[in-house]
Amino acid sequence: MSAATTRSRTPDRLCAEAVDLARAAAEEAAAPGVVGEHAGLVSEGDRVVTHFFECGELGYRGWRWAVTVARASRAKLVTLDEVVLLPGPDALLAPEWVPWSERLRPGDLGPGDLLPTDQEDLRLEPGYTGEEEPPPNSAVSEEIRELAEAEDADVTPGTPAVQPTPLRGSLTSLAEELGMRRARVLSRYGLRAAADRWEEAFGPKTAMAQAAPAPCVSCGFLVPIGGSLGQAFGLCANEFSPADGHVVSLAYGCGGHSEAAVMPKPPQPASPVVDETRVDPFPLRPARDSGSVPETDDETAELGHS
């Protein structure tokens, strides 16, 4: 350790004793009555000392007034160097500033709000604008090419809602039907980010899907979607499902699956013990052959004579 380093860590005596000079400088820079007790000092170098005073300003809890004094070599006069308000170890500080684009969260956009999209947004890529000229070996005829150029050149000022509808059968109309006339479309990164976000909310790893009797791919309430995302996602149209109106993974599932359970048939009433809808006939006299004596045609046997 050099001698210069040792001297810099040891506060200069005259500078350390200049507390009154430092307090007067702090009171001059601050509002009246906000400079508190002396809170210590620190050596900044050879004959350079910083004095700290508590700050009583509202909203600056834990902050300190830092007054730096210095003394020239072989001089006995201490002079003022700097007065600043600095946060202490336990000071109340504002959170680190974050750009609005990073602070924005899903659901923050309200009615009337505008969300500008960055020109270099990785989720988007240039779409079809109609400015591309067909190559020399293209099969497009000269008449169709001139028509496309005329349509692209005639642009009506105004919002997209008031733009004229392109003629049916033209290149511009075909590009609009295919969704290619937009200035920018989803890039591969944007598609992957959307798929990851949807799968995290309504994917096969959620608790609802783990307890589901069957996946959405076999559900009658699943509405297919087009494009490459349609190979892994669909739209739920079951009003009793927690994913109603949301894009769900084909491997997602819930208890509202259309084929998971079949409603049982309505129960049939049991047969009555006593049938009151039928009459049982009962004879007034017993049958002739119901006795213990067999029936004969002899009249004397009926009278009991021998």
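## Overall composition

Of the 306 residues in the protein chain, 22% are buried (under 20% relative accessible area; exposed is over 50%, partly exposed in between, with a 1.4 Å probe and protein chains only). The model is predicted: local features need pLDDT of at least 70, side-chain atom pairs count only at pLDDT 80 or more, and totals for chains, interfaces and linings use all residues. Residues are numbered from 1 along each chain as its sequence is written, and side-chain values use heavy atoms, with hydrogens and water left out.

The protein chain has nine helices and nine strands (DSSP runs numbered from the N terminus: H or I of at least four residues for helices, E of at least two for strands). Among contacts (heavy atoms within 4.5 Å) with a separation of 6 or more, 50% are between residues 24 or more positions apart.

## The second largest pocket

The second largest pocket holds about 750 Å³ of space. Its 20 lining residues have S101, L104, L115, D121 and R123 as the closest to the centre. Two or more lining residues come from each of α4 (100-103) and α7 (188-201); α7 gives the most, with five residues.

A pocket here is an open set of points on a 1 Å grid over the protein atoms alone, where a 1.4 Å probe fits, with protein on both sides within 12 Å along at least five of seven lines; lining residues have an atom within 4 Å of a point. The volume is the space filled by probe spheres set on the points, which are joined across faces, edges and corners.

| Class of lining residue | Number |
|---|---|
| Nonpolar (Ala, Val, Leu, Ile, Met, Phe, Trp, Tyr, Cys, Pro) | 11 residues |
| Polar (the others, Gly among them) | three residues |

## Helix α7

The end C-alpha atoms of α7 are 20 Å apart, which agrees with the 20 Å that its 14 residues should span at 1.5 Å a residue (the expected span is 1.5 Å times one less than the number of residues). G190, A194 and A195 of α7 are buried. These three lie on the same side of α7, because they cover an arc of only 130 degrees around the axis (taken from the directions from the helix axis to the C-beta atoms). Their cover includes β6 (184-186) and β8 (233-236). R188, R192 and E200 are exposed on the other side of α7.

## Residue S249

S249 belongs to strand β9 (residues 247-249). With a relative accessible area of 5%, S249 is buried. Leaving out residues up to four places away in sequence, S249 touches E199, F202, G203, P204, C216, A232 and F233.
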